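Here is a protein chain to explore together. Take a moment to turn the structure around, then read on.

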Amino acid sequence: LGLGMLVADEGLALVRFDDAGLAQNIATVALVVILFEGGLSTDPVAFRFAGVPAAGLATFGVVITAGVVALTAWLLLDVGTTTALLLGAVVASTDAAAVFAALRSEPLPPRTRRLLQLESGMNDPVAVLLTVGMVEVWRADPTAWDWTRFLAVQLVVGVIVGLGVGWLGRVLIGSLSGPAVSSLGVITLAIAAISYGTAAIGGGSGFLAVYLTGAVIATARRSARRVLYFHEGLAATAQSVLFLLLGILVFPSELLEDLGAAFVVAGALVLLARPLAVVSVLVWSRTPLRRMAVISWAGLRGAVPVVLATIPFSAGHPDGALIFDVTFVVV
């Protein structure tokens, strides 16, 4: 991020790049690589032990987080209703790349680690729904049926495509022999691309699909281990490229102007919205308070919220630059 800002317009002016649409497309490719690696890294038994609470955090938790942040922004900042709701929606989801990277170095209990992994892999569709929905509210006036249908298609198509392509990919990988085995990295990367593209064409969540595809392929333990190091390196590279690109897009002078608003949103997110969402979802399962505290603090934000912030920015929303800058500082 720092290097991106250094070489951009307000730094050494070595690179000029202000195409938010192209940046969004590049970021999407990077997120596909990152989420697929996250699926491969997910312990298959995690769905059995943490699937239900993770699904709760990935749906109701995201909505609660977005609502609390939006209400705080609307009350304390001089912004309109749709801007406040967009700020809440954009920062509501945790980031798979950031969470997975942190969990590799922190010895958390298995149950907590699995819950955080699954949540970060599954909560992007709801955040996308809220962000795109708020942009449409600004543009037009969608009905409750439009919202319900959009969410249902995103989730159902994403799950079906993710599991289906993952199963086919697992069968394909299991049938490889001889020299073809050396191409496992390329083959699995192609499978990830097919999963995302098929879900996107069908109107579903490509991000959810590609994560589930990786998780299904991971059940083929022998084959998954062979390619995991390849995809870990690829995901690390994609994350670096993504943050470099986002750093180039940012203007530090504008960040300073919006610093106060960013601190308000960050404070509301870290100290109020995220803990409230975690407690609201997990209190029914009698989760210990210490564990809920760890899950609250470990709900890291990363590249996904910044990428979501490019949606209102590229759509021409009057506060698009403010939303992008605030989200950048929050992350």
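Is Asp9 buried, partly exposed or exposed? With 23% relative accessibility, Asp9 counts as partly exposed, because buried means under 20% and exposed means over 50%. Keep in mind that this is a predicted model.

## Salt bridges

Asp9 has a partner: its side chain meets that of Arg16 in a salt bridge, with N and O 3.1 Å apart. Arg16 is exposed, at 70% relative accessibility. By the rule used here, there are three salt bridges in the count.

Another of them joins Glu119 and Arg274, whose closest N and O atoms are 2.7 Å apart. This pair ties together distant parts of the chain: Glu119 sits in helix H6 (residues 110–122) and Arg274 in helix H13 (residues 259–282), 155 residues apart. Are these two partners buried or exposed? Glu119 counts as buried at 1% relative accessibility, and Arg274 is buried too, with a relative accessible area of 4%.

Then there's the bridge between Arg139 and Glu136, at 3.2 Å from N to O. Here both residues belong to helix H7 (residues 124–139), and they are three residues apart, about one turn of the helix. Glu136 is partly exposed, with a relative accessible area of 30%.

## The nonpolar cores

Now for the inside. How many residues does the largest nonpolar core have? It has 92, and the ones with the most contacts inside it are Leu31, Leu242, Val265 and Val326. Helix H2 (residues 20–41) supplies the largest share of this core, 10 residues. There is also a second, separate core of six residues, including Val62, Ala66, Ala89 and Val126.

Let's pick out Leu242. If you skip its neighbours within four places in sequence, Leu242 is in contact with Ala27, Ala30, Leu31, Ile34, Ala303 and Val307.

## Two helices side by side

Two packed helices are described by the angle between their axes and the distance between the axes. For helix H15 (residues 303–314) and helix H16 (residues 320–330), the axes come within 8 Å and cross at roughly 175°. H15 and H16 are therefore roughly antiparallel to each other, since angles over 145 degrees get that label.

Which residues meet where these helices touch? On the H15 side they are Pro305, Val306, Ala309, Thr310, Pro312 and Phe313, and on the H16 side Gly320, Ala321, Ile323, Phe324, Thr327 and Phe328. Sorted by class, the contact between H15 and H16 has nine nonpolar residues, three polar ones and no charged ones.

## A mostly covered helix

Next, have a look at helix H4 (residues 81–90). It is mostly covered, with seven of its 10 residues buried. The buried residues of H4 are Thr83, Ala84, Leu86, Leu87, Gly88, Ala89 and Val90. What do they pack against? Their partners are helix H3 (46–76), H7, H13, H15 and H16.

His231 is part of helix H11 (residues 221–249). At 1% relative accessibility, His231 counts as buried. Setting aside residues up to four places away in sequence, His231 touches Phe36, Glu37, Leu40, Gly185, Thr188 and Leu189.

Val216 belongs to helix H10 (residues 206–217). With a relative accessible area of 16%, Val216 is buried, because the cut-off for buried is under 20%. Apart from its neighbours within four places in sequence, Val216 is in contact with Leu163, Gly166, Trp167 and Arg170. Here's one to find on the model: Val216 and Thr42 are 174 residues apart along the chain, while their C-alpha atoms are separated by 9.4 Å.

## Positive phi in the loops

Finally, a look at some backbone angles. Where is Ala13 found? Ala13 is in the loop between helix H1 (2–7) and H2. Its phi is near 55°, a positive value in a residue other than glycine. Ala13 counts as exposed, at 52% relative accessibility.

Arg286 also has a positive phi, about 55°, although it is not a glycine. You'll find Arg286 in the loop between H13 and helix H14 (289–297). Arg286 is exposed, with a relative accessible area of 78%.

Definitions and conventions: Residues numbered from 1 in each chain as written. Predicted model: local features only at pLDDT ≥ 70, side-chain atom pairs only at ≥ 80, totals over all residues. Heavy atoms only, no water. Axes fitted to C-alpha atoms, helices over the stretch in contact; angles between N-to-C directions. Helix = DSSP H or I, 4+ residues; strand = E, 2+ residues; numbered from the N terminus. Parallel < 35°, antiparallel > 145°, perpendicular 65-115°, else oblique. Contact = heavy atoms within 4.5 Å. Nonpolar A, V, L, I, M, F, W, Y, C, P; charged D, E, K, R; others polar. Core = buried A, V, L, I, M, F, W, Y, C linked by side-chain atoms within 4.5 Å. Buried < 20%, exposed > 50% of the residue type's maximum accessible area, 1.4 Å probe, protein only. Salt bridge = Lys/Arg side-chain N within 4 Å of Asp/Glu carboxyl O.
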